[in-house]
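Please read it alongside the sequence and coordinates.

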Amino acid sequence: MRVLLVEDEARLADQLADTLRGAGYAVDATRDGEEGWFLGDTEPYDAVVLDLGLPSLDGISILRKWRSAGRAMPVIILTARGAWSDKVTGLDAGADDYLAKPFQPEELLARLRALIRRSSGVATPEIACDGVVLDTKTAKVTVDGRPVMLTSHEFKVLSYLMHHKGRVVPRTELTEHVYAQDFDRDSNTIEVFIGRLRRKLGVDIIKTVRGLGYIVEEPG
Amino acid sequence: MTRARSLRHRLVLGAAAWIVVALVAGALVITELFRGHLERQVYADLGHHLDQLIAGLEVGPDGTLGLARQLSDPRFRKPYSGLYWQVDGMQQGGILRSRSLWDDMLGLPPDEIERDQAHHHTLSGPADQSLLVLERTVTLPSAQAVRVAVAADAAQVEGVLTAFGRILAVSFAALGLGLLAAAGVQVVLALRPLNALRRRLAEVRDGRSARLAGDFPGEVQPLVDDLNALMEHDAALVERARVQAGNLAHGLKTPLAILANEADALDRKGAHEQAAVLREQVMRMQRMIDYQLAQARAAAAREVPGIRCRLGECVDGLRRALERLHAGRGLLIETDVPDALLFRGEREDCEEILGNLLDNACKWARSRVRLTADSEGDEVRVLIDDDGPGIDAAARAAAFERGRRMDEAVPGSGLGLAIVRDLVELYRGRIALADSPLGGLRVDLRLPAARATEPAVVKPQPARQGGGP
């Protein structure tokens, strides 16, 4: 899962980026409003954490521009102004959730998980398929109750595929959602991750659709 | 306003005093003038009689005085008729008197005056009459000097004067009353703008208007302009203080967020105790900031006259927001707010109160949240129901109690009622918890209403500085 973080306060931005990366997200962070808008407008993100008070372009304007351009990724607003009147303004501008500063990092992660699940149509915090259970809360994977240790990238690949269960995910899309922007992408490494995942899980829930991509099929 | 009445009293009393003084003085002057005129007339008549008397005087061969012919006026012959004459021969010729003097005589004062000069006295005469006397000392052809006097009863003058005075008093009294009534009317008319001013001020005080509206006379308008300027200055001060308080509060939030994140990092490094302390203090500061911010805002809003907001618009915005925030839970949020309902206060505060309560209801509700509002007297009554687990009666008071103690800020405590309760109290509203017919909790809220008929006041929205980092 790839997340865009737009926050102009350097220290908070670093902390949040760390928190998000620690939770298994690929994170693009920017402190500039214009750049934030551009990234959100051009890159495929699974969620955006957006501060409202930004230099060059404020959060509400960014949000309005994205929404009017048809960008529908879930956006959680982060702001010092936590009054309901501000929430109404933010949500009316197209935000999906609202978090007032100060906040606990877990709170942000919980909201983000819920948003991503909701936007990919997953109802529960745990996504299961043929005995493989991915707990979005703890970022842990079990097979028939037995924990499986995955690297960060392996988890990202599996998480994205399981969030989009029943749909063929092209390799390029997978790459876009697994790596942060500044990462040196090599689509061949995806194949390597898929291979490792198949080995570690022991069950073959990830199918290769030749020429198209990968799919985790709905059971039954 | 007793002061306005006393001003009116003062003006009317002043006018009355002046009218009475002027009329009394006028009456006295007129009476005196009239008396002078009457006396001059009497003396003129007496002068004729005197001339006639002198012309008729003769001296007998023995030197005795005599009167060649009777004076023409018959009153000289009727006793005590009020018209008399007397000729004093000064030792030589004896004294001649009119018959009307009967056995009395005119006690002329012994005065030395130039001969042939007529002069007058006021003497008391027969039958206690007060007499106007015209006297002249003449030298007869026999070189004999005689004092010739003619007198008339002053009562005839007084009688005319009394009758005149009576008419004068009645007409002046009528004139005085008329003037007094005119003065009263004038005072009322002149003070009417002040009454209007009083009503406008009352509107401002009741929060129905932000400034003194309307045109006033040139004498009052400067005062009105000054008052308006003062109120605008006041509002601007309040607004600036408010914006500054807001900027300060919001400026603190990002550093607090950093601290909260740092607490988390500490936790991960195993420094659980320090992390807990840090987290607790961050929460405490946050609650304090929120509390003081709300206080500053609501206290300011109460002082800003004419402030109001449409309840329905607040609720619509909140419903949209909450439907988004609780999307995916399949909550049904029903709202029923009459369009005309106005809350007398800041829109932000209205949204803060209802937003917290609705959000709370949404968090606990299983499937339904309902907000209904209606006007009750000069209040707006809002009911917020949910079909959640509710709170039993014993715990309801505690839900409020916890909110009241700022220093006890337990993380995640209560139902977000603290700020709500503070705001409601600041607006002198009421809030109560009850069982909901939907099965969960009912919040019964009463807030001050603004009347729809009053002209709306557009509050200047100050530019927010930055919007928080």
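A nonpolar core is here a set of buried Ala, Val, Leu, Ile, Met, Phe, Trp, Tyr and Cys residues joined through C-beta atoms within 7 Å. The structure is a predicted model. Its largest nonpolar core holds 115 residues.

**Nonpolar cores**

- Within the largest core, the residues touching the most other members are A:Val3, A:Leu5, A:Ile76 and B:Leu311.
- Helix α5 of chain B (residues 311-325) is the main contributor to this core, giving seven residues.
- Beyond its neighbours within four places in sequence, B:Leu311 contacts B:Val337, B:Leu341, B:Leu342, B:Phe343, B:Cys350, B:Ala373 and B:Val380.

**Strand pairing in chain A**

- Strands β11 (residues 206-209) and β12 (residues 213-216) of chain A pair in the antiparallel sense over four bridges.
- A:Ile206 has A:Val216 of β12(A) as its bridge partner.
- The two strands, β11(A) and β12(A), form a hairpin with three residues between them, and A:Gly211 in the turn has a positive phi of about 80 degrees.

- The crossing of α1(A) past α3(B) is left-handed.
- On α1(A), the contact involves A:Arg11, A:Leu12, A:Gln15, A:Leu16 and A:Thr19; on α3(B), B:Thr254, B:Ala257, B:Ile258 and B:Asn261 take part.
- By class, the residues of this contact are four nonpolar, four polar and one charged.

Technical notes:
Residues numbered from 1 in each chain as written. Chains lettered and ligands numbered in written order. Predicted model: local features only at pLDDT ≥ 70, side-chain atom pairs only at ≥ 80, totals over all residues. Buried ≥ 20, exposed ≤ 12 C-beta atoms within 10 Å, placed from the backbone. Contact = placed C-beta atoms within 7 Å. Pairing = 2+ DSSP bridges. Left-handed = near helix turned anticlockwise from the far one by under 90°. Nonpolar A, V, L, I, M, F, W, Y, C, P; charged D, E, K, R; others polar.
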